[in-house]
Amino acid sequence: MKISLKDASASQHLGMILGETLKANSVILLEGDLGTGKTTLVQGIGKGLGIDEAIVSPTFTIINEYTQARLPLYHLDLYRLETSEILALNLETYWEGIEVLPGIVAIEWAQRMPYKPEMYLTIHLTHETESQYLEGKDSTIRCAEIIAFNCTLNKKILALEKEDY
């Protein structure tokens, strides 16, 4: 399914709905170029889970854990890592809940992963230019393509495809 997101607040709103509806052990693989809104989407997920603290990109810390909410949120960023470093993270401990409380795992730059879980959502974020002929200018909107692998999307998420953001 593909959703057009007019601005950052629409991206956060999508994240909020994900945070409100996803269950423990849900994995979200975020893909997209720099500036397409991956961290903004995760901030919305945090709001949907009831996380009060600021959610920031874990580009340098690699993993940020937020455990004071409806479910824990594990936010990972693989941008700066090589394959061997990603393998050393033992990512499955997060989505299998082996050493941590089961929660939602959101992984930025997931296209760098050498392996994936059995069930996950991929959200591919892009910028697209929309020409506005009446005003004679172009505007950039974000698009989110959501693909579910071995899992189903909640009705609330599916309804977003029909709404105008």
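This is a predicted model: local features need pLDDT of at least 70, side-chain atom pairs count only at pLDDT 80 or more; totals for chains, interfaces and linings use all residues.
Of the 165 residues in this protein chain, 47% count as buried, where buried means under 20% relative accessible area, exposed means over 50%, and partly exposed lies in between, with a 1.4 Å probe and protein chains only. Residues are numbered from 1 along each chain as its sequence is written, and side-chain values use heavy atoms, with hydrogens and water left out.

Let me turn to the overall layout. The chain has 5 helices and 7 strands, and from the N terminus on these elements follow the order β-α-β-α-β-β-α-α-β-β-β-α. The radius of gyration is 16 Å, close to the 15 Å that the globule rule gives for 165 residues, so the chain is as compact as a globular protein of that length. For those terms, the radius of gyration is taken over C-alpha atoms, and the globule rule is 2.2 Å times the number of residues to the power 0.38. Helices (H or I, at least four residues) and strands (E, at least two) are DSSP runs, numbered from the N terminus. If we look at contacts with a separation of 6 or more, residues 24 or more positions apart account for 67% of them, contact meaning heavy atoms within 4.5 Å.

Now to strand 2, residues 26-31, which is mostly covered, with 6 of its 6 residues buried. Ser 26, Ile 28 and Leu 30 point one way from this strand, whereas Val 27, Leu 29 and Glu 31 point the other way, and all are buried. Strand 2 runs parallel to strand 5, and 5 bridges join the two; strands pair if DSSP finds at least two bridges between them. Within that pairing, Leu 29 has Ile 107 of strand 5 as its bridge partner.

Which residues does Met 113 touch, leaving aside its neighbours within four places in sequence? They are Leu 29, Leu 78, Leu 91, Trp 95 and Ile 107. Met 113 itself sits in the loop between strand 5 (104-108) and strand 6 (120-132), and because its relative accessibility is 8%, it counts as buried.

Trp 109 belongs to the loop between strand 5 and strand 6, and with 11% relative accessibility it counts as buried. Its phi is positive, about 60°, although Trp 109 is not a glycine. Asn 90, in the loop between helix 3 (83-88) and helix 4 (92-95), has a positive phi of about 50° and is not a glycine either. Most residues other than glycine have a negative phi. Asn 90 is partly exposed, since its relative accessible area is 36%.
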